[in-house]
Amino acid sequence: MRVLMFGWEFPPLSSGGLGTACYGLTKSLAKKGVNITFVMPYASDEVHDFLNLVPAKVSIRNIDSILDPYMNPRSYKQKFYEREKKGPIYGKFLFEEVRRYAELAKQIAIEEEFDIIHCHDWMTFQAGINAKQIKHKPLVVHVHATEFDRTGGHGVNQPVYDLERYGMEQADIILPVSNYTKNLIMKHYGIAEHKMRVVHNAVEQKDTQRFQINKQDKVVLFLGRLTLQKGPDYFLYAAKRVLDIMPDVKFIIAGTGDMERFIIEKTAELGISHKVLFAGFLQNDDVQRAYQMADLYVMPSVSEPFGLTALEAMQSGTPILISKQSGVSEVITNCLKADFWDVNDLANKMGAALRYKVLHDTLKEHGDLEIRKFSWDDPADKCIDVYNKLTLREIIR
């Protein structure tokens with residue numbers, strides 16, 4: 001089986017869960033005999049040789065572009081002006097660049113031999129559609145997030161929505177990362193349920209390095225983009241309530257995003273700035289240190305298609321409190337769950353996990369056992385099953 005795969009990012013150049021998911025999925029697919037050509041939009045001076053990081057059956061094709069994961073028109077414009085000094089090769093606006101990326105993908109589709117096209121999220125959908133039109137091969141679109149997740153349903157960017165919907169309509173099969181996302185797609189995009197196959201994310205089983213961390217205060221961690229979707233404001237409001245009764249707690253906020261200034265100012269306004277540490281964007285071992293430093297990891301997302309960080313925290317031996325509005329809540333049981341908007345419930349469960357050692361240790365021990373059942377082999381098997389059925393359908397035609 002030969003797959004032409006379009007994605008936004010691939011480790012080590014990753015800024016979110018999508019790159020981690022693509023790495024884990026492609027590694028397992030390759031292990032099972034799938035040959036993958038992975039196309040991503042990175043400029044030539046950022047190209048790295050990833051072949052030493054994934055099995056030899058995965059090859060990387062780079063398109064000269066400045067598209068980044070989680071971009072919006074404003075952030076694209078800022079990066080465009082930063083890179084313009086190197087020559088006017090990029091589209092001036094985000095959607096112009098997405099179209100340019102899709103046009104450049106045509107040449108790769110002409111050059112490569114493949115049986116299936118597999119696209120990850122909206123920026124790659126048009127590229128996949130173009131490849132389908134050239135080679136008339138089945139198109140699979142993998143939905144890790146939608147515009148309704150990113151905006152919380154408020155101020156939806158219509159061009160993004162239109163492209164998402166068009167990509168789903170043109171796809172032969174849609175792979176949402178959770179039932180939560182599947183139901184959202186049915187409700188807001190009008191896609192029939194029979195056209196979708198849920199493929200939950202997983203984590204790569206490995207020996208996690210444990211760090212020696214000495215501390216006196218209890219530590220609660222938020223790690224994610226500081227955007228409306230991730231709910232950092234609800235984390236902060238709950239932190240205030242916890243500190244009113246447990247002053248020996250420190251809160252770490254790790255991440256960057258368009259809400260960063262608001263969150264910093266709100267911390268001061270609530271009078272808890274001396275209890276909140278802003279760690280910025282963390283990578284590699286620093287992420288593991290942050291998880292292991294924490295007595296509790298909190299993911300209060302407003303709309304979370306999956307939530308890989310919850311699994312990563314469990315893998316690091318950290319108890320977790322997650323939003324009920326998340327896909328990962330469908331597949332784990334040894335954790336605490338709350339509605340993102342219920343600040344009192346969030347605060348009460350934070351306090352309970354920090355105050356009661358039996359609860360804390362039970363979440364940690366049972367979570368450590370539960371996380372061992374996760375493997376990227378399961379999502380890979382589901383994808384291969386989809387590939388085989390689509391290929392068989394093409395042969396019958």
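**Aromatic pairs and a threonine**

Modeller: The count comes to eight aromatic pairs, where rings of Phe, Tyr and Trp (its six-membered ring) pair if their centres lie within 6.5 Å; planes under 30 degrees apart are stacked, over 60 edge-to-face and the rest tilted. This is a predicted model: local features need pLDDT of at least 70, side-chain atom pairs count only at pLDDT 80 or more, and totals for chains, interfaces and linings use all residues. Residues are numbered from 1 along each chain as its sequence is written, and side-chain values use heavy atoms, without hydrogens and water.

Colleague: How are the planes of Phe6 and Tyr101 arranged?

Modeller: Their planes are at 85 degrees with the centres 6.5 Å apart, so the pair is edge-to-face. Phe6 is in strand β1 (residues 2–6) and Tyr101 in helix α3 (residues 94–111), 95 residues apart; helices (H or I, at least four residues) and strands (E, at least two) are DSSP runs, numbered from the N terminus.

Colleague: Buried or exposed, those two?

Modeller: Both Phe6 and Tyr101 are buried, that is, under 20% relative accessible area, with exposed over 50% and partly exposed in between (1.4 Å probe, protein chains only).

Colleague: Which residues does Thr151 contact, leaving aside neighbours within four places in sequence?

Modeller: Thr151 is in contact with Val156 and Leu228, contact meaning heavy atoms within 4.5 Å. Thr151 belongs to helix α5 (residues 147–151) and is buried, at 12% relative accessible area.
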